[in-house]
Each structure stands twice: as structure tokens, then as C-alpha cells.
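Here's a quick tour of some strand pairing and a few charged side-chain contacts. Have the sequence and the model open as you read.

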Amino acid sequence: MGIADTSIAAAAAALSGVAAFASWRSSREANATAASVAQIERDRWHRELTPQLRLRVDANQQMVYVRFDSPAALKRLQVWLHVRDDRDRSEDPVLGAGPTAAQRAEVIWGPYSFRRGTDGVMAGARSAGPYRLDAQDMTRVGIEPSLRPTWMEGTNGEERWRSDYRTASMRLWVDCEAEGHKPWRLSFELPFDGSWAETGAIGTL
């Protein structure tokens, strides 16, 4: 093989390599695009199937009512309820001999906790579940006034604690699972007047 033939062969091999790389890159980009489109579609479908729930507090009976309205296509939901504090105190500074971050975290900063000793209520009375609901079904969970922090001592401490939350909403995260679907996390604020709150903001589990 002469020099010219060798050069032509080398050039052909180089061009073949370039073409193969271009084909591989194009295939990879096409696969990535297809995967991205598929993920967008799955996310859209997940949003459209977001469980539509209604919740309310009955202060007289000391119950939270949870109703699963739709979509019926989900068939059966499992729901977990979690009391949310009125605000995040995890970054609050520790002042002098005041409560530590760990002590603050043990307190439910709101009007109610779940009733201790009730089926499904977990240690600390902040979380409860799971409760199984078909579409158009409703369940109820016992609640009780939240315990004041231990450093609010005496009768005055109890009175101040009750006064702070006399007309406060009960804030909840509600985690929902249905077979064959990713979970949902929904946000609720249940008015003290007993009116219904509907499905709110969606978070990520």
C-alpha cells in the first residue's frame, strides 16, 4: 500500500470515527429528550391525580375529620397526618438559660396535638396514621389541646399558652399514598371555626 493509499485509509477511518461519534451523540441526546418528555408527562399525570381532600376541626368533640373526595381513579388512599408548628423555630437563637433547640423541637406550637393513646397516634402526638380511605369516605382522628412548654410554669403560663392559640388554625401536612403512584404531601390550615379546608399546596416526599 502506497503513501497515498495509507493516507486515504486513515482519513476514511477518521471520518468513520467522527460519524460514529456523531451518531452516538445524536442517539444519546434523543434518548435524553425522550426521557425528559416522559418524565414531564409522568409529573403532569401525578399532579392531575392529586388527592382532593377536605379536613376540619370539631373543637367541641375534639376531632379532626378527613374526607377523600376524588379522584376515584386512585381507588384507595392511605393517609398520614402530621401537625405543623405555627412557624419554624429550628434556627432561633438560644438566649441565656432559655430553652434549647432540642427542647423547642419537642413542643407542638399550635392549638392541638393528636390524642395520646388513640389508635394510630404515634409517640409525641404529632403524627397519626395510616388511615385507609376510598373515594367519598371519611374518617376522624381524636385531638386534644397541645401541652404548654415545661418552662412556662404556673397558672399564668398555662393561661398565656391557651391565649396564644385560642383562635389559631391547626396546621397539618397530610401524606397520601395510592398503589402504583408516587406519594403526595399536601398542606392544610384548619380554621378554628370548624369550617372545611381543602387540598392545598403540594410538597415533595
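Over how many bridges do strand β2 and strand β6 pair? Keep in mind that this is a predicted model. Strand β2 (residues 63-70) and strand β6 (residues 137-145) run antiparallel to each other and pair over 6 bridges. For a landmark in that pairing, look at M63, which stands opposite G142 in β6.

Zoom out and you'll see an open sheet of 5 strands, with antiparallel pairing and the order β4-β6-β2-β1-β9. Its edge strands are β4 (112-114) and β9 (197-198), each of which pairs on one side only.

Now for the charges. The count comes to 12 salt bridges, and the table lists some of them.

| Salt bridge | N to O distance |
|---|---|
| D134 and R76 | 3.1 Å |
| D92 and R87 | 3.0 Å |
| R185 and D175 | 2.6 Å |

Take the contact between R185 and D175. R185 lies in strand β8 (residues 184-190) and D175 in strand β7 (residues 170-177), so this pair ties together parts that are 10 residues apart in sequence. Salt bridges that share partners also join R54, R67 and D69 into one network.

Then there's the salt bridge between D134 and R76. This one links distant parts of the chain, 58 residues apart: D134 sits in strand β5 (residues 127-134) and R76 in strand β3 (residues 76-84).

Buried or exposed: which is D175? With 10% relative accessibility, D175 is buried, because the cut-off for that is under 20%. D134 is partly exposed at 28%, and R76 is partly exposed at 46%.

Notes
Residues are numbered from 1 along each chain as its sequence is written. This is a predicted model: local features need pLDDT of at least 70, side-chain atom pairs count only at pLDDT 80 or more; totals for chains, interfaces and linings use all residues. Side-chain values use heavy atoms; hydrogens and water are left out. Two strands pair if DSSP finds at least two bridges between them. Helices (H or I, at least four residues) and strands (E, at least two) are DSSP runs, numbered from the N terminus. A salt bridge is a side-chain nitrogen of Lys or Arg within 4 Å of a carboxyl oxygen of Asp or Glu. Buried means under 20% relative accessible area, exposed over 50%, partly exposed in between (1.4 Å probe, protein chains only).
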